[in-house]
Amino acid sequence: MSSIKEQYDGNWDLLLEEIVAKLPGEPGRSLADMLSGRSLTVDELVVLPEHIHLGAVLIHAGRPEGVEVVLAALTGSNERLRCLALTAIPAMCGEGLGRGGRPGAMPLSIEALSSALGIALQGMFQAEANDAMKEFGQFEPRAYLPVLTPLLWHEDPQVFRPVIKHFVEIDCDDGALDVIAKHLLEPGIRTAKDLMTQSRTAHDLCEYLAMWIDPSKAEPNRRRAAQIASQAITEALDSENPHERLASASKGWLSAEELLKAIYLCPSGATADLLERVASAGNLEPRTRVEALWRHKSLTGTILSVRATVIRDFFASDTGKPELGKLIENLVAQDLVTLDELAHGAANSKWTYSVTEAITQKLRGEDLQKDAAVALKGLLAALGALCESFLHDTEEIRYVAECLASLPRSPADNAGIGRALNVALVGAQRMSKYPWLAQEVMTLLQMFGGGAELDLDSMDPWDAMVEHWRRENIDWPSAAKLLVDAGAVSPERKLDLPPEVGDARTGGIHPQLLSVLRAGGRGCHEWLNNTSYEHHHDKLFSAFVALAHQPIALDTVVQLGEMEFAMVPDDEQPQEAKDYGIPVFSTEGTRQQVVASFKGQTFKFLAHPNGTYMDAWAVLHAFNQFMVQLGRPEQLFWLGSEQEGEDSGFFVCALSARFLPVCEKLRLPVRRTR
């Protein structure tokens, strides 16, 4: 369910206008009439369409009827309105209104709210009731206990689960830990297993135990929670099916990770032995055993004899997921995994991303060259595995390639990297719907000297420029001289040239080149997208004039004409707009005129902004025409390519007859005029 803010972006007046329009009585009453006229009755308000959050809106507007509406909805028989009222409560609390029944402008009754929460938690609106309970619980956490405590023993997990969580958050036992023990320990875990697994309730209860171990909680509650977790693990190990009970997957009975976390954060004299027992249990998931392995080392400082076996089984499993990166980080931090083991794990494509990150962290040994050689072996295996299984995302391939680029490599290593990337390139080229994938792989090939076979026309224009410079041995000094000769850089400016192109093959040449042009005094970057629809084509024209080779002091420059908005026809309105009842408007047909004066002459041009986008092309053409009228040789060019969009643009003022040949020689991308 969307919030009031999402629906109306905080515009309470707009929402109140809608309320007024739907009230019984004379149509067309204004908001002012409503707020200054007679009071609105609860009977009038509770019959309004269900999508309106009545109480919150009226309270935000300062109307006392809002409290009456909320109370009527909370205690009434209309479940939908009760849900809306519960949803409105956190919003009202966020504004500092009615908190916990404290004195205020419009406080809500704790008794009425408690009653509504109890009813709602047994109905179909547990989420809304839980949000409201949490919000008000910050101020009067124990005010609801008489209503909530009986619900701890409710048979429906959808009812007792949020109640238990609330008890954990306010650190109040009152039977909550007994309920957790009932469901997680023998014999309850057996009889309730099916229901608990389907709803993930058992996993949530394990999480609540771990939450109760927080040092801020009362020590008796912490010890009791740790004791329940320890007993649940012991019973699982002693059972006929420990692998089903202590599983990390959602199908498992219990959450091994949360239970191990609980006993680790509040240890007893038996905790180390229990962790060793879990790590040594060959019938448990490797992930669970690894979790116990690193927690045992962190707790005792000793490495278990089963370490090598556990690590081997861990990387041989097919359960690798990106979120396990933290687990591998813990292994590295506790010195429980070697580079050789990480290199072996990297060959498993399901582990590659997480293991690659761990390899880069591990490269801190005294013999860096030896370590780097081992890491290189693992990263090469990782890259090969990723390229073989390439689908439609280059993120992981790029990450591994960048790690390889940071290590010492031989020509043979580069050749191996190139072969792996070419496998990915073949797969990317088959995906015609995603042409940028091939371009991204080509860019990676450049990093390792594999760009000679690339088709420049199929690459991103900036990447193609970098590769073109490499092939033609174009360096910065020679490129800068060409740009100065073409008038794109002022000869009077002293430029700090970037490093040689050979040191910038990762693509850094692109922003560096633009920095040179900007420092040269004849280039500028401009934002062209304004979400407030406030377009200033006059200011953009002035910015372009400032790039002229000889100073031009305009007498005046102004923009005339306002943005025009017309409602899009109903049959063309987007479905999302229809769902929220918020119409979409079009700016088509808007015309804005810029009038500039210079030395007694007037120069005018029209711009046609498109929604939030300025008409940058109109300004560019107008500037170029202005230069022609003045008999000046310079013209303005928009660098880049069409695929970059029009949110912003980089513009350079140069000598037209010289600049275009230089662009061709440097393969500098320039947008075609429209």
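**View 1. Helices α15 and α18 pack at an angle of about 20°, with their axes 8 Å apart.** Axes are lines fitted to C-alpha atoms, for helices over the stretch in contact, and angles run from 0 to 180 degrees between N-to-C directions. Helix α15 covers residues 201-212. The two helices, α15 and α18, are therefore roughly parallel to each other (a term for angles under 35 degrees). The crossing of α15 past α18 is left-handed, meaning that the near helix is turned anticlockwise from the far one by less than a right angle. On the α15 side, the contact is made by Cys-206, Glu-207, Leu-209 and Ala-210; α18 contributes Glu-258, Leu-259, Lys-261 and Ala-262. Contact means heavy atoms within 4.5 Å. Helices (H or I, at least four residues) and strands (E, at least two) are DSSP runs, numbered from the N terminus.

The model is predicted: local features need pLDDT of at least 70, side-chain atom pairs count only at pLDDT 80 or more, and totals for chains, interfaces and linings use all residues. Residues are numbered from 1 along each chain as its sequence is written, and side-chain values use heavy atoms, with hydrogens and water left out.

**View 2. Helix α20 (residues 286-300) is mostly covered, with 11 of its 15 residues buried.** Buried means under 20% relative accessible area (1.4 Å probe, protein chains only). Among the buried residues of α20 are Arg-287, Val-290, Leu-293, Trp-294 and Lys-297. The buried residues of this helix pack against β1 (246-247), α18 (256-265), α19 (271-280), α21 (307-316) and α22 (325-333). From first C-alpha to last, α20 reaches 21 Å, close to the 21 Å expected at 1.5 Å a residue; the expected span is 1.5 Å times one less than the number of residues. Gly-301 follows α20 and has a positive phi, near 80°.

**View 3. Helix α11 (residues 157-169) is largely enclosed by the rest of the structure, because 10 of its 13 residues are buried.** These buried residues are Pro-157, Val-159, Phe-160, Arg-161, Pro-162, Val-163, Ile-164, His-166, Phe-167 and Val-168. The helix α11 reaches 18 Å from its first C-alpha to its last, close to the 18 Å expected at 1.5 Å a residue. Asp-171, with a positive phi near 55°, follows α11.

**View 4. Three strands form an open sheet in the order β4-β7-β8, with antiparallel pairing.** Two strands pair if DSSP finds at least two bridges between them. At the edges are β4 (556-560) and β8 (601-607), each pairing on one side only. On average, neighbouring strands of this sheet are turned by 15° against each other, direction ignored. Strand β7 (residues 592-598) is joined to β8 by seven bridges, and Val-594 stands opposite Phe-605 in β8. Helix α32 (residues 537-545) packs on the sheet and touches β4, β7 and β8; its direction makes about 150° with that of β4. Helix α34 (residues 616-629) lies across β7 and β8, running at about 155° to β8.

**View 5. Strand β10 (residues 648-655) pairs with β3 and β9.** Seven of the eight residues of β10 are buried. Strand β3 (residues 523-527) and β10 pair in the antiparallel sense over five bridges, with Gly-523 opposite Val-652 in β10. Strand β9 (residues 634-639) runs antiparallel to β10 and is joined to it by six bridges. Glu-634 has Leu-655 of β10 as its bridge partner.

Technical notes: Buried means under 20% relative accessible area, exposed over 50%, partly exposed in between (1.4 Å probe, protein chains only). Angles under 35 degrees count as roughly parallel, over 145 as roughly antiparallel, 65 to 115 as roughly perpendicular and the rest as oblique.
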